[in-house]
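Hi,

Here's the structure I promised to pass on.

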Amino acid sequence: MKLTAHERSILAGDFGDEARKILEVMVKVYEVNGARDFVEVGEVMLASTQNMSISGVAGMEFLTRLADSGMRFRVKTITDPVSIDLGAWQRLGISEEFAEHQQKAVRALIKMGAVPTWTCTPYLVGSIPRYGDHLAYVETSVVCFANSYFGARTNREMDISALAAAFTGKTPCYGFHVADNREGQVVVNLEVELRATSDYDALGNYVGKIAGTRVPVFRGMSRDVSTQALMQLGAALATSGAVSLFHIAGVTPDIVMDPYKYGEKSVVEELTIGDEDMRRAYEELNTTRETDIDFVALGCPHYGFEKLREVASFLEGKRVREGVEVWICTSRGVRDMALRSGEVKVIEKAGAKVVVDTCMVLVPVKQKGFRTMATDSAKAQFYDSGFGIGVRFGSTEGCLRAAISGTWEG
Amino acid sequence: MAEGEALVTKQGISFWGGVDPDTGVITEVGHELYGQEMAGKGLVLPALKGSAGGMWIMIRLAMNKRGPQAIIVPRGDTILVGAVIMGEIPTIDSLPDDVFEMIRSGDRLKVDGTKGTMEVLDRGRKS
């Protein structure tokens, strides 16, 4: 294993226990996965250590000690959302102590050189890898999107291995960094017309369970499929299974360049999705029969601009029902554009909140006492039902209708 | 070195979102271990699943003594490596794929994470 003098010095503990452990993890990950070399990474994405609702005070203290020990990022390092809206946390009912801890973690990351993106759709605000770029990303939906949509190469990292990549500029070469491990394995023939973005959530959720860690290949998808729809598909595949890469015949770059290698050579299973499967896919995502909705949460992963425009156009001149909390989650960058063009004003005037830096999965919503949530995201459905909230899953429009009436009609 | 009662599942566990970070109770709706506690147990499972945030939930559970006493999986993955080194959790990660057929919930296990060895001390009541 080729390590630099600087890396050996970190391993020897010269930069403290935290940094030493991080490099120990890098070495162990290299060994466990049988890597034979390192590759240089173009970009790193961190996700959970900065998140109060995931790593708690332990994570915040860990980052603070790292920053104080003089560790700095050597490559561009972007950041997943945190557990508060950094500019307006009071509005989401967050306690002052929680917010202060969260701000400390944020300050530590910025001190080490992080780009404060705080979003799970960083590719919409400037993080655009090129085909074949090696990355070390943590956020699973972005892993899936970067591998599939851009043809970049990243494994499903966790924060410690990603921090190692950020500090060293390299990552062990194994898994999805190697072209031969990117061949499609499970063919999914679509005999169904996909329309709403939530159709892609339902499809991804259904296929993810079957694919597990394998690489699905979609056949029969329209070449006009929107970027937003593929964001939803990737997030759902990565949540219900552990999918890190998918191919779409005629659409995504690996398979367009080499249809045989990525679409046929290593296929071991083939399935067909019809209307009945899609009906079942929607049904599986509805974990309650309750029809009284008190929380509507959209934008998982963080909505792109088109979705904000769609929401604003529906809500214009309408009013969210008393007692229903409505969150439209997006990145600060996209929100600022929609502030200029007026969508934010329309959405907020209707009584909904445009939420940035965080979302319905990362704010500790359990403590807010919501009983039944409506969402158009399979990923949000998974996490929020894990927090004990009943979830209704449906189209964006169906969720917005529930926001106005307080009742789920599908 | 750790000793404890086995808690066995054939289904993957998502620690972030599927396990309560304060109590170690499995909260994923529909999971075969739904509602069960993992504190002090030797957790035998096919793989971790879901978000990489699961690593931090495992570290926090270990710090608060609400996590599994040991983890037994057929093969380690990156998320597990992070959790185990950071949380100092004894782990066996080189076993046959059907290890969860050989151990039953309630069996008493002795695990040596450093040597990578595991012993079934006593067959439990439940099958």
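A definition to start: two residues are in contact if their C-beta atoms, placed from the backbone, lie within 7 Å. On that basis, residues 24 or more positions apart account for 79% of the contacts in chain A with a separation of 6 or more.

Some housekeeping. This is a predicted model, where local features need pLDDT of at least 70 and side-chain atom pairs count only at pLDDT 80 or more, while totals for chains, interfaces and linings use all residues. Residues are numbered from 1 along each chain as its sequence is written, and chains are lettered from A and ligands numbered from 1 in the order in which they are written.

Chain A overall

Chain A comes to 16 helices and 14 strands; these are DSSP runs numbered from the N terminus, with helices being H or I of at least four residues and strands E of at least two. The C-alpha trace of chain A spans about 65 × 55 × 35 Å along its principal axes.

A helix pair

In chain A, helix 3 (residues 52-68) and helix 4 (residues 96-111) pack at an angle of about 40°, with their axes 9 Å apart. That makes helix 3 of chain A oblique to helix 4 of chain A (under 35 degrees is roughly parallel, over 145 roughly antiparallel, 65 to 115 roughly perpendicular, and the rest oblique). Axes here are lines fitted to C-alpha atoms, for helices over the stretch in contact, and angles run from 0 to 180 degrees between N-to-C directions. By class, this contact of helix 3 with helix 4 of chain A has 10 nonpolar, 4 polar and 2 charged residues (nonpolar is Ala, Val, Leu, Ile, Met, Phe, Trp, Tyr, Cys and Pro; charged is Asp, Glu, Lys and Arg; the others, Gly among them, are polar).

Which peptide bond is cis, with omega near -5°? The one from A:Cys300 to A:Pro301, and A:Pro301 is found in strand 10 (residues 295-303) of chain A.

A:Trp118 has a positive phi of about 45° although it is not a glycine. A:Trp118 lies in the loop between helix 4 and strand 4 (135-137) of chain A and counts as buried, with 26 C-beta neighbours inside 10 Å. A:Asp357 also isn't a glycine, and its phi is positive, near 70°. A:Asp357 sits in the loop between strand 12 (353-356) and strand 13 (372-375) of chain A, and its 27 C-beta neighbours inside 10 Å make it buried.

A:Leu190

A:Leu190 is in strand 6 (residues 186-190) of chain A and is partly exposed, with 19 other C-beta atoms within 10 Å. A:Leu190 and A:Gly274 are 84 residues apart in sequence, yet 6.7 Å apart in space, C-alpha to C-alpha.

Where the chains meet

24 residues of chain B are in contact with 32 residues of chain A. On the chain B side, helix 1 (15-18), helix 2 (54-63) and helix 3 (78-87) each supply at least two residues.

Cheers

Terms used. A residue is buried if 20 or more other C-beta atoms lie within 10 Å of its own, exposed if 12 or fewer, and partly exposed in between; C-beta atoms are placed from the backbone.
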